[in-house]
Amino acid sequence: MDTFTQLIDENIGRVPDFPSPGIQFKDISTLFQNPPLVNEIATVFATYSQGKVDAVCGIESRGFLFGLLIAQKLGLPFVLIRKTGKLPPPTVSESYRLEYGEATIEVQPAYIKDGMRFLIHDDVLATGGTAQATAKLIKKCGGVPAQFSFIAELVSLGGKQRLLQYSYEIQCLLSYE
Ligand code: AMP
């Protein structure tokens, strides 16, 4: 680990057994106590996507935090991917399976032009179900899921494998087993 990734790692909280037993929650809110580090992280993300995308979408809710900062640094539009029922119509939705039950996400298609290349951003890549559903949603609206970025991936859950069918450009600043 280089000093930059080590610093990020040290600024991510670990909460055992949250939100359910056996899960170790990676809490990125600790990062936001360190404004220069937040700026540096946003710059690293933006550099990865410079010239490669036409817009950024962030996944509710922690994906909004760096997602908007990345879009601002690149001077690109930002689009919100939200849980069902939160966005005003017209919306397009995509449902996906969770370990128990189902979830649905939505987007406002007015912000997605044909062929528009998107960076899909979220805080943590776990099983990849949410990011994959977002890629499907973008495609359904005529956009292209061109890149993905995450602060951290949980490697053992295999999320990256589910995303490679959309793009090989997947940036994870940290990888946890
Ligand atoms: P998944 O669809 O399984 O890749 O889950 C990704 C979503 O769940 C992201 O929006 C994350 O914010 C959240 N998430 C899943 N596992 C964790 C974890 N261990 N710590 C923090 N957030 C998590």
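## Basis

A polar contact is a pair of N or O atoms within 3.5 Å; within protein, one must be able to donate a hydrogen and the other to accept it, and residues adjacent in sequence count only if both atoms are side-chain atoms.

The model is predicted, with local features needing pLDDT of at least 70 and side-chain atom pairs counting only at pLDDT 80 or more, while totals for chains, interfaces and linings use all residues. Residues are numbered from 1 along each chain as its sequence is written, and side-chain values use heavy atoms, with hydrogens and water left out.

A polar side-chain atom of Asp123 is 2.6 Å from a ligand oxygen atom, and one of Thr127 is 2.5 Å from a ligand oxygen atom. Gly128 uses a backbone N or O atom, 2.7 Å from an oxygen atom of the ligand. The ligand on its own has 480 Å² of accessible area (Shrake-Rupley method, 1.4 Å probe), of which the protein covers 82%.

## The shell

The shell around the ligand has four nonpolar residues, five polar and four charged; Ala, Val, Leu, Ile, Met, Phe, Trp, Tyr, Cys and Pro count as nonpolar, Asp, Glu, Lys and Arg as charged, and the others, Gly among them, as polar. At least two shell residues each come from β2 (24-27), β7 (117-125) and α4 (129-140), where helices (H or I, at least four residues) and strands (E, at least two) are DSSP runs numbered from the N terminus.

## Gln132

Gln132 is placed in helix α4. Its side chain makes a polar contact of 3.0 Å with the side chain of Arg162. Gln132 counts as buried because its relative accessibility is 12%, buried being under 20% relative accessible area (1.4 Å probe, protein chains only).

Key:
Buried < 20%, exposed > 50% of the residue type's maximum accessible area, 1.4 Å probe, protein only.
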